[in-house]
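Please walk through the contacts in this structure, starting inside one chain and then moving to the pairing of the chains.

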Number of protein chains: 2
Amino acid sequence: MMGGGAAVGIAGLAAPAIAQGTPEIAWKLTSSYPRSLSNLYGVAEDFAGWVSEATDGRFRISVAPVGEIAGPFEALEAIRDGKAEIAHTASYYYTDQDPAFAFGTTVPFGLNARQQNAWLYEGGGNALLNELYAGYGIFGLPAGNTGAQMGGWFRKEINSVEDLKGLRMRIPGLGGMTLAKLGVVPQQLGGADAAAKLAGGEIDAAEWVGPYDDLGLGFHKSARYYYHPGWWDGCGTVHLFIGLEQWNALPKSYQAIVTAAAAYANAKMQARYDVSAPAALETLLAEGTELRTFPQPVLEACFAAAGEVMAENSAASERFKAIYEPWSAFRRDEVAWFGVTELSFDTLMAALSREGKL
Amino acid sequence: MMGGGAAVGIAGLAAPAIAQGTPEIAWKLTSSYPRSLSNLYGVAEDFAGWVSEATDGRFRISVAPVGEIAGPFEALEAIRDGKAEIAHTASYYYTDQDPAFAFGTTVPFGLNARQQNAWLYEGGGNALLNELYAGYGIFGLPAGNTGAQMGGWFRKEINSVEDLKGLRMRIPGLGGMTLAKLGVVPQQLGGADAAAKLAGGEIDAAEWVGPYDDLGLGFHKSARYYYHPGWWDGCGTVHLFIGLEQWNALPKSYQAIVTAAAAYANAKMQARYDVSAPAALETLLAEGTELRTFPQPVLEACFAAAGEVMAENSAASERFKAIYEPWSAFRRDEVAWFGVTELSFDTLMAALSREGKL
């Protein structure tokens, strides 16, 4: 203990404390999103700007849109191969490595955005995820959210579980696995591809995010019915994935700055989505889009199928199971609480809105 | 202009750039909350800790609980008199200065927590509020939220608007002004006082925050019925109020650090409230508390009365009107959008919870 103290003292003499604490660092960030998805991409640039400001330009992060450094689902690889030190991406893009990655973003019938943040920041979520991520050489910080997504675009109305059979639908991940149990043929496609294939009749339905991003890709030109809720994406956390070695080598001050800036990014992206949605939805409705809710029997069948998918993944992955169990208890408690005053307040306000009183 | 540029150049030569950018600063923060309200008070200490870490201990903020430096509603005064450079407080404590201060925290039938953050960060809210605050020598940053609060504790059930008449209820601010129009006799009391007076029969009802804080104060020992929603507190933003002069004198890097750390505090307090509520509510229910929702005719009468209160404040304060108008348009659009997929998702999940399926 004494020796360690002395060493620190000597290091303190050998170099000025401030210079030691504020080294010049330049990182490359690979985003999983194109510039055109401005809510998703833009927040990574905001984040880099805040880190630079907070360090007087000594810690610079250059942001590259998807494709320049790596593809949308290649953040782990890019960091492992030293092509980037940091990525802005969605954890659930990496479920091929381990299905447990899904919990970082969302799972079917999961948490809403506020519940997800509560789980991540104060419910043990970030710690559980970082145990998982560490096995892949990554440190993760939540840095964005879409909120509850829409249930996607359908050419024909879904009036029964029967109507799902044979439906070729763009829906990836655990949501796709769930719908596959009910006869949907899920397709793993990027957004622009999905829009093109929906237009060309090669698929029958597609889900992407919500009004703002969906309008940009033009899904409404090929399908009239816009369903909700997107029960597979009750929220959509976007993460910063940072090389664990690079993270550990940062001065504590830079770690604190990155952590706070990531939290700011988390809030800012949510705010951007919430602010950009109303006008986008209005445009969609003006262009002929019709809103629909999934019928109750369809939702019940989906919930049962999702339970099977979660059980199968628990059986297949120890990591998945180790997160799913405490996460389930957390979901049970949080959803019960949110069903009290949050839901009665939101329901009241929505009714006033429908009656044109606001 | 040239003179100013030259002066900056000379200052740059006279002192090393880093030292210039990272001065040693010590601020005193006065919190409006006691240590015992750990969600409210604790986040100010977290905030101070992050700022210190991010600056290698060069920017130190010492946090004082309510009463040490100033009373709960005296943050503006304490900063003006130089007793503190920064405060953690609620904007709506200062409606005696101008009713427009209410918008910083919440107003009756206002925004939920996510909508409020969207308004503050991306809907022009922070800018509008800072125009107001600047007149009081303050720069404000949102730094905490309680979420939708409960509607409070009642000895007798509220079955009609008639039941509100003559009710002595602890409820401050615009919520109290609204209920006064329906015959309630509103009382402006601190939490502990309110609990004592409810126990002593001097008041008939009291609202405070939600399960965690209310349990701590023991309201449930004196009143059986716990109502929701708290339509006067659809959310409850807590602010950092910073002396404008002190804020402007900070290096840009410290401003960036404080801004990001405040956003982190904003998210963390919400997460703490969301995580602490379920167990507290369970305890309350086990001790005999009964949940009730306000009857629809009562809510409708309250909404009409709130409209009158908002109109009266608009007539009385130019500032209030200048915020109320764009805020109303924002509320109309956001609530309509939140009534789509967020509400259908939350409603679905709450139903699964009630059916014991989660």
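**Contacts within and between chains**

Domain 1 and domain 2 of chain A bury about 1200 Å² between them, with carbon and sulfur atoms giving 72% of that area; buried area is the accessible area (1.4 Å probe) that two parts lose on being put together, summed over both. On the side of domain 1 of chain A, A:Leu37, A:Pro108 and A:Phe109 lose the most area to domain 2 of chain A, together 48% of what that side buries. This is a predicted model, in which local features need pLDDT of at least 70 and side-chain atom pairs count only at pLDDT 80 or more, while totals for chains, interfaces and linings use all residues. Residues are numbered from 1 along each chain as its sequence is written, chains are lettered from A and ligands numbered from 1 in the order in which they are written, and side-chain values use heavy atoms, with hydrogens and water left out.

Domain 1 of chain A spans 22-148 + 235-275 and domain 2 of chain A spans 151-231 + 286-317, bounds that come from an automatic or database domain assignment. Their C-alpha centres lie 26 Å apart. Between these domains the count of salt bridges is zero, a salt bridge being a side-chain nitrogen of Lys or Arg within 4 Å of a carboxyl oxygen of Asp or Glu.

Turning to the two chains, the area buried between chain B and chain A is about 6500 Å², 72% of it from carbon and sulfur atoms. In chain B, B:Glu122, B:Trp337 and B:Phe345 lose the most area to chain A, together 10% of what that side buries. Six salt bridges are found across this interface. B:Glu122 also joins A:Lys268 in a side-chain salt bridge (3.3 Å, N to O).
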